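Me: I would like to understand the labels used for this protein. Please set each value against its definition.

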Amino acid sequence: MSNESLANLLKEERRFAPPADLAANANVTAEAYEQAKADRLGFWAEQARRLTWATEPTEILDWSNPPFAKWFADGKLNVAYNCVDRHVEAGNGDRVAIHFEGEPGDSRAITYAELKDEVSRAANALTELGVQAGDRVAVYLPMIPEAVISMLACARIGAAHSVVFGGFSADAIATRIQDADAKVVITADGGYRRGKPSALKPAVDDALTRVDGVAKVLVVKRTEQDVAWTEGRDLWWHEVVGRQSAEHAPQAFDAEQPLFILYTSGTTGKPKGILHTSGGYLTQASYTHHAVFDLKPETDVYWCTADIGWVTGHSYITYGPLSNGATQVIYEGTPDTPHQGRFWEIVQKYGVSILYTAPTAIRTFMKWGDDIPAKFDLSSLRVLGSVGEPINPEAWVWYRKNIGADTCPVVDTWWQTETGAIMISPLPGVTETKPGSAQRALPGISATVVDDEANEVPNGGGGYLVLTEPWPSMLRTIWGDDQRFIDTYWSRFEGKYFAGDGAKKDEDGDIWLLGRVDDVMLVSGHNISTTEVESALVSHPAVAEAAVVGAADETTGQAIVAFVILRGSANAEDESLVSDLRNHVGATLGPIAKPKRILPVAELPKTRSGKIMRRLLRDVAENRAVGDVTTLADSSVMDLIQAELPAASSED
Ligand code: 6R9
């Protein structure tokens with residue numbers, strides 16, 4: 001059934017060749033695959049030369065104590081110097097680094113020369129507050145330039161940052177401060193969200209009643225709302241940073257100096273502090289940003305819509321683009337404030353040429369309607385990226401057609417907080433793209449799909465996605481817990497990194513991601529991926545979004561339960577629609593994949609990075625009390641779904 005369904009996904013044989021002009025001028029050509037295959041370590045040594053080193057590394061990889069890797073270990077560099085100063089020294093100080101667009105409509109352009117001054121002042125301020133190389137600084141900020149400046153200021157003085165997403169609660173901040181033993185917290189009075197100021201500092205104040213060790217809190221004034229103040233601990237950013245010298249000599253640190261800790265949004269247990277270090281991480285963030293987005297720093301305007309609190313914000317707002325001297329847009333707010341065309345208005349205003357966003361956003365735009373982006377001039381766009389979840393072919397095709405004028409390559413980029421940078425993705429000037437597939441490992445990366453016994457599956461087969469060779473931006477450990485690092489990632493398959501995702505190879509050997517293996521359903525002895533059933537549902541014109549779970553079932557082991565958001569015109573009370581949908585899935589994937597129940601709902605539970613929380617839907621489908629909802633973007637969604645249940649739970 002699985003091969004059949006994959007063939008079905010591909011049945012229209014849709015393939016899109018790169019535009020000729022993009023291919024002719026592409027940063028990276030097909031040769032890179034050959035070169036990396038012939039000499040993988042030599043390939044990465046060459047990519048490391050994209051960076052400016054104070055001491056050039058002579059060692060490439062030290063894998064003598066797996067799974068603890070060291071990359072470029074005898075090299076020394078300053079990460080912030082690489083992201084800022086060297087562009088000014090190269091004569092590009094007047095180039096805009098950041099076009100900041102506030103949600104209320106205020107804007108601010110920051111050149112590389114100005115960024116250098118700001119980062120230097122912030123580095124001097126942190127030093128004055130007692131932060132030293134090797135210390136940790138927690139950052140809890142909205143999407144404003146100070147977020148990027150704070151990260152770079154830490155990097156500049158060799159301190160590791162731990163960015164905590166601005167939507168997280170006081171509890172989440174407290175656990176993360178404690179686990180990383182942060183000395184200083186950088187926050188703001190608030191940020192603008194959905195048309196109004198939303199406070200941030202109260203959560204920090206609350207968190208600090210529970211943890212010790214934080215000596216100073218640096219507060220950016222963004223919304224001017226009232227804040228409680230702890231004398232001696234709290235300091236205004238504009239006062240302390242503002243009075244510093246704009247001169248700061250960046251010191252070189254070891255390639256393996258910790259750069260940041262980022263806690264994964266893990267659905268169970270204590271959050272894992274993923275540790276990334278400097279030289280290898282920056283090499284791969286820089287190379288992949290150059291290769292996957294084909295960035296031309298002189299002419300492109302790049303925009304990644306992720307929040308700085310996720311790894312995508314770290315690697316593809318701060319480190320990748322800035323190390324490459326890019327001009328980028330940073331937007332503070334939500335896509336529908338004050339209207340549903342806000343993103344497209346921003347693309348038009350700044351002439352955005354490369355856009356990187358998530359499938360959940362794309363499906364929302366589809367739901368809002370094609371007429372909204374059609375009102376704006378999107379002709380500046382030339383490359384479109386997707387990240388965060390499997391992108392269903394319908395959303396992929398919609399994105400290319402309605403946003404990319406049916407000409408922009410869509411690059412579906414698979415990676416994780418743990419991998420640090422993109423691992424599997426098309427190259428926009430090389431790959432003939434297939435809607436819904438991340439396709440193949442980038443040059444220098446070794447990924448494959450294995451079965452339960454760790455045997456590589458043949459083309460056409462499915463199983464577990466694994467990484468078979470170390471890579472420069474790999475996580476180095478889980479902060480403070482080496483054993484958990486080994487157990488979580490390196491124990492399932494001997495000598496291989498197991499990512500937790502299911503995947504398939506098609507007849508060409510291209511990789512299709514199938515979602516987290518914890519979400520795979522077992523129906524009458526058949527493995528069925530939630531991604532495939534969701535993708536089939538969304539390919540029906542009445543369905544805008546779908547989330548599928550397996551619920552315990554006496555006869556079939558698990559039964560498929562689908563939660564669907566219908567498009568505006570479809571009627572949730574329509575009995576025939578539900579049977580239409582079941583038949584549509586049956587016709588697409590085979591009868592065994594027909595959902596036993598289909599429940600129309602108004603919203604789906606998502607994490608704040610847009611990933612569907614199927615665990616909570618399983619609770620609903622199995623009539624259990626709903627579990628921990630603290631990582632939900634909107635905790636009222638589960639109440640809404642449950643309120644809708646009595647009507648929906650009658651057998652259809
Ligand atoms: C970058 C990021 C990682 C998990 C990953 C996978 C899912 C990310 C994907 C994708 C299919 C893609 N994921 N990109 N699945 N296709 N292009 O999202 O990091 O927040 O750590 O999540 O996200 O399941 O294992 P992170």
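Me: What makes β24 and β25 a pair?

Reply: In this predicted model, β24 and β25 share four bridges, in the antiparallel sense. Two strands pair if DSSP finds at least two bridges between them. Lys505 stands opposite Ile511 in β25. Strands here are DSSP runs of E, at least two residues long, and helices are runs of H or I, at least four, both numbered from the N terminus.

Me: Which sheet holds these strands, and why do β21 and β25 stand at the edges?

Reply: The open sheet has four strands in the order β21-β22-β24-β25, with antiparallel pairing. β21 (447-450) and β25 each have a single partner strand, so one side of each is left without a neighbour in the sheet. The twist averages 45° from one strand to the next. Such angles run from 0 to 180 degrees between N-to-C directions, with axes fitted to C-alpha atoms, for helices over the stretch in contact.

Me: Why is Asp506 called buried?

Reply: Its relative accessible area is 3%. Buried means under 20%, exposed over 50%, and partly exposed in between (1.4 Å probe, protein chains only). Asp506 is therefore buried. Asp506 lies in the loop between β24 (497-505) and β25 (511-516).

Me: What makes the link between Asp506 and Lys434 a polar contact?

Reply: Their side chains make that contact at 2.6 Å. A polar contact is a pair of N or O atoms within 3.5 Å; within protein, one must be able to donate a hydrogen and the other to accept it, and residues adjacent in sequence count only if both atoms are side-chain atoms. So 2.6 Å falls within the limit.

Me: Is Glu456 buried or exposed?

Reply: Glu456 has 54% relative accessibility, so it counts as exposed. Glu456 is found in the loop between β21 and β22 (462-467).

Me: Which residues does Glu456 touch, leaving aside its neighbours within four places in sequence?

Reply: They are Thr448, Val449, Val450 and Lys505. Contact means heavy atoms within 4.5 Å. With two of these residues, Glu456 also makes polar contacts through side chains: Thr448 at 3.1 Å and Lys505 at 3.3 Å.

Me: How do you know that Arg222 and Asp106 form a salt bridge?

Reply: Their side chains meet at 2.7 Å, N to O. A salt bridge is a side-chain nitrogen of Lys or Arg within 4 Å of a carboxyl oxygen of Asp or Glu. So this pair qualifies. Arg222 lies in the loop between β11 (216-220) and β12 (234-236), and Asp106 in the loop between β4 (96-101) and β5 (107-111), so the pair ties together parts that are 116 residues apart in sequence. Arg222 is buried at 16%, while Asp106 is partly exposed at 32%.

Me: What makes Arg614 and Asp519 a salt bridge?

Reply: The closest N and O atoms are 3.4 Å apart. That is within 4 Å, so the label applies. Arg614 is in helix α20 (residues 614-621) and Asp519 in the loop between β25 and β26 (521-523), 95 residues apart. Arg614 is buried at 10%, and Asp519 is buried at 11%.

Me: How were these values selected and numbered?

Reply: Residues are numbered from 1 along each chain as its sequence is written, and side-chain values use heavy atoms, leaving out hydrogens and water. Local features need pLDDT of at least 70 and side-chain atom pairs count only at pLDDT 80 or more, while totals for chains, interfaces and linings use all residues.
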